[in-house]
Amino acid sequence: MKSFELAKESSPLSLTPKFIFPESKRPNLSEVKSLDSIPIIDLSYCHDKNHSSLEVIHKISKACEEFGFFQIVNHGVPQQACHKMMKAITDFFELPSEERESLYSTDHTKSVRLLNYYLKVEDGEKVKCWSECFSHPWYLIDDTVSLLPEKIRTQYREALTEYAKEIGSLVRRLLGLISIGLGLEEDCLLKKLGEQPRQRAQANFYPPCPDPELTMGLTEHTDFNALTVVLQSEISGLQVNKDGKWISVPFIPNAFVINLADQIQVLSNGRYKSVLHRAVTNNVSPRLSMAMFFGPNVDTTIGPIQELIDEEHPPKYRNYRFSEFLEEFFNQEGSKRMVKEAFELPHENS
Ligand SMILES: O=C(O)CCC(=O)C(=O)O
Ligand SMILES: [Fe+2]
């Protein structure tokens, strides 16, 4: 079996060619704007249902239209649950790489797997990203947890169970606020995403990198689910594309980064954006993030919501089963993904 190579070389003196990106795909870190960033929204005003949360809804709606991203503070998720989750992923990635190696797989049908994203370059070669990603469901059952290295198994499951429960409530609350922002009933988006939502988690690890200008932690992408909640460690590395320029997302203590993903762009008929983002590396310290993806299950039909379609706003996408979208997503692996574009309806000019 192919071994997982990055982990064994996390502190090389210089980058080996397999991590070096072609010049046009490098991060150009000096051009990244650090003054502008995504909006920060305080949710403390809308814990109480009776309290007017119109201002918060308005801020979220604006952020969804203009950035597709925002950070939230005072979100009600106990700090303790976040710390435990961060500690569990830290301990997982600090294990000797041999103890994680058996989880490495390129088979995307595997429920629990460690993966290494890559970029396909012209001659068919693959350039590896400077990261290790651990993908698994929000809830680990006995069969799946037993795949984890024994030393961290119990700790990881306990931390994840508590964390996933909290994030589940948060996601439902956010979907409610986002629905109202679109002028819909509070439960509209959640209902559209259907029964048994697809809930996947991805713990990302970016070891310190000898030359951050030559490689990428994660190449630019949009998330293919509906809504993503990201918890990041103290060092920033996430960047969001705004009007063709990259802006960095600073670390804010006890905040979550909220990322609108492709299915909300489609459901909102293009009003809310699923925006390109990427992760860059640094040469100082390791960075970790935990992305909690919430989306429809494979059998759910997704398409622009009827109430958001009228003469002025004809449907931009055709209806599809989410399984079709996933198939398209995996077919485009390693390239600049243009998945939702494959479901666009032709423009009518008349
Ligand atoms: O590391 C991050 O902050 C972002 C990760 C990300 O974009 C993803 O997992 O889809
Ligand atoms: Fe992402």
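**View 1. Ser135 and Gln202 at the bridge to strand S7.** In this predicted model, Ser135 has Gln202 of S7 as its bridge partner. The pairing of S6 with S7 is antiparallel. It runs over six bridges.

**View 2. Strand S3 alongside strand S6.** S3 spans residues 113-115. S3 pairs with S6 in the antiparallel sense, over three bridges. Leu114 has Phe134 of S6 as its bridge partner.

**View 3. Helix H2 from end to end.** H2 covers residues 79-94, 16 residues in total. From first C-alpha to last, the helix reaches 22 Å. That is close to the 22 Å expected at 1.5 Å a residue.

**View 4. The buried face of H2.** Cys82, Met85, Met86, Ala88, Ile89, Phe92 and Phe93 are buried. Seen down the axis of H2, these buried residues fall within an arc of 155 degrees, so they line one face of the helix. An α-helix has 3.6 residues a turn, so residues three or four places apart point the same way. Exposed residues Gln79, Gln80 and Glu94 sit on the face turned away from the buried side of H2.

**View 5. What covers H2.** The cover over the buried residues of H2 includes helix H4 (150-181). Strands also contribute, among them S6 (132-137), S7 (198-206), S9 (227-232) and S14 (287-295).

**View 6. The annotated span, residues 197-296.** An unreviewed UniProt entry annotates residues 197-296 as "domain: Fe2OG dioxygenase". The end C-alpha atoms of this span lie 5 Å apart. The span is 45% strand and 6% helix.

Technical notes:
Residues are numbered from 1 along each chain as its sequence is written. Chains are lettered from A and ligands numbered from 1 in the order in which they are written. This is a predicted model: local features need pLDDT of at least 70, side-chain atom pairs count only at pLDDT 80 or more; totals for chains, interfaces and linings use all residues. UniProt positions are given in the numbering used here, feature names are shortened, and annotations may be inferred rather than shown by experiment. Helices (H or I, at least four residues) and strands (E, at least two) are DSSP runs, numbered from the N terminus. The expected span of a helix is 1.5 Å times one less than its number of residues. A residue is buried if 20 or more other C-beta atoms lie within 10 Å of its own, exposed if 12 or fewer, and partly exposed in between; C-beta atoms are placed from the backbone. The arc is that of the directions from the helix axis to the C-beta atoms. Two residues are in contact if their C-beta atoms, placed from the backbone, lie within 7 Å. Two strands pair if DSSP finds at least two bridges between them.
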